[in-house]
Amino acid sequence: MLLIRCPYCEEERPELEFRNAGEAHIARSANMAGESDDDFEKFFFIRSNPKGIIYERWRHIHGCARFFNAVRDTVTDKFVMTYKAGEPKPSKLPKNSNEVVAK
Amino acid sequence: MAKAAAKTVATATSSAERRPALAGRTASATGVKVEVLPPAERISLRAPEASVAALSKALGLTLPKTPKTSASKGGRTALWLGPDEWLVIDEAGKNPLADCAGVSALHSSVGISHRNIAISVVGPAAEAAINSGCPQDLSLEAFPVGAASRTVLGKAEIVLLRTADEAFRVECWRSFSDYVFTFLSEGARDAAG
């Protein structure tokens, strides 16, 4: 079983307590009614789906119930790091993650 | 006919009694005893950081701010569930909902006394019995006495509180109580075997 670090509980907890909530850092437009169909499609449907590092929202639904963000590798399923919701996308990933990316 | 119906209703009202789910059910195996605990008063409390001091004063105990901890005083226990969420259990018969009602600081307190059922799991094999369906590390180092956490047991969500080295309180929704109790008794049997 994967252990996922919850930034609110400040410890690693079993994956059964968590639920994935899609890609992170997708900003909703402040003027939704003024969006063109193309822009709305991009916001609503189009996801990056990369092979490798992905930034996702996760929820500790059976724990503290909080949403947070996680950096995960889609190839190895390894969690690189997690951070609280609302915090900016980390510009630098922890050192050992380079190894994960290279694979 | 109408008269008979009316009579039945009247009888039902006069003999109304509270019958908590699973009342009095117990199960034991070597080294562990699973038992349904008597009803208690409970509230679900949500509050921002700024209201915590006022609520702590009204409830008569300090609401814990550290993850996975609880605070207990005079039969009342507050369990940290999330950064702004607590489960307050009162076993002394006092109503925490009434205590919070007078607090003007922003908060939400909801009475959930009848929503939850508490099950005690006691004995040297209690840890193993709960671990049969709960994936958390329940060793004393990781989950010391007083530690509390919302987690899962099998397919149900539970709130777990360690009340002593070899004693746990398992809180679950009453509609899950049959499942949780049966799961724990089977877990107890496995842990004993």
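Predicted model: local features only at pLDDT ≥ 70, side-chain atom pairs only at ≥ 80, totals over all residues.

Colleague: OK, chain A. How many helices and strands does it have?

Modeller: Two helices and six strands. Those are DSSP runs, numbered from the N terminus: helices are H or I with at least four residues, strands are E with at least two. From the N terminus on, the order in chain A is β-β-β-α-β-β-β-α.

Colleague: And what box do the C-alpha atoms of chain A fill?

Modeller: Roughly 45 × 35 × 20 Å, taken along the principal axes. Of its 103 residues, 17% count as buried. Buried means 20 or more other C-beta atoms within 10 Å of the residue's own, exposed means 12 or fewer, and partly exposed is in between, with C-beta atoms placed from the backbone.

Colleague: Where does chain B touch it, and how many residues are in contact?

Modeller: Twelve residues of chain B are in contact with 13 residues of chain A. A contact is two C-beta atoms, placed from the backbone, within 7 Å. On chain B's side, strand E5 (76-82) and strand E9 (148-153) each supply at least two residues. The largest share, four residues, comes from E9(B).

Colleague: Which classes are those chain B residues?

Modeller: Five nonpolar, four polar and three charged. Here Ala, Val, Leu, Ile, Met, Phe, Trp, Tyr, Cys and Pro count as nonpolar, Asp, Glu, Lys and Arg as charged, and the others, Gly among them, as polar.

Colleague: How is chain B divided?

Modeller: Into domain 1 (21-39 + 115-193) and domain 2 (40-113), with bounds from an automatic or database domain assignment. Their centres, taken over C-alpha atoms, are separated by 23 Å. Twelve residues of domain 1 are in contact with eleven residues of domain 2 in chain B. On the domain 1 side of that contact, E9(B) gives the largest share, three residues.

Colleague: How many bridges link E5(B) and E6(B)?

Modeller: Six, in the antiparallel sense, with E6(B) covering residues 85-90. Arg76(B), for instance, has Asp90(B) in E6(B) as its bridge partner.

Colleague: Last one, Ala29(B). Where is it found?

Modeller: In strand E1 of chain B, residues 26-29. Ala29(B) counts as partly exposed because 19 other C-beta atoms lie within 10 Å.

Colleague: Which residues is Ala29(B) in contact with, leaving aside neighbours within four places in sequence?

Modeller: Ala188(B), Arg189(B) and Ala192(B). Also, Ala29(B) and Gly193(B) are 164 residues apart in sequence but 8.6 Å apart in space, C-alpha to C-alpha.

Note on methods. Residues numbered from 1 in each chain as written. Chains lettered and ligands numbered in written order. Pairing = 2+ DSSP bridges.
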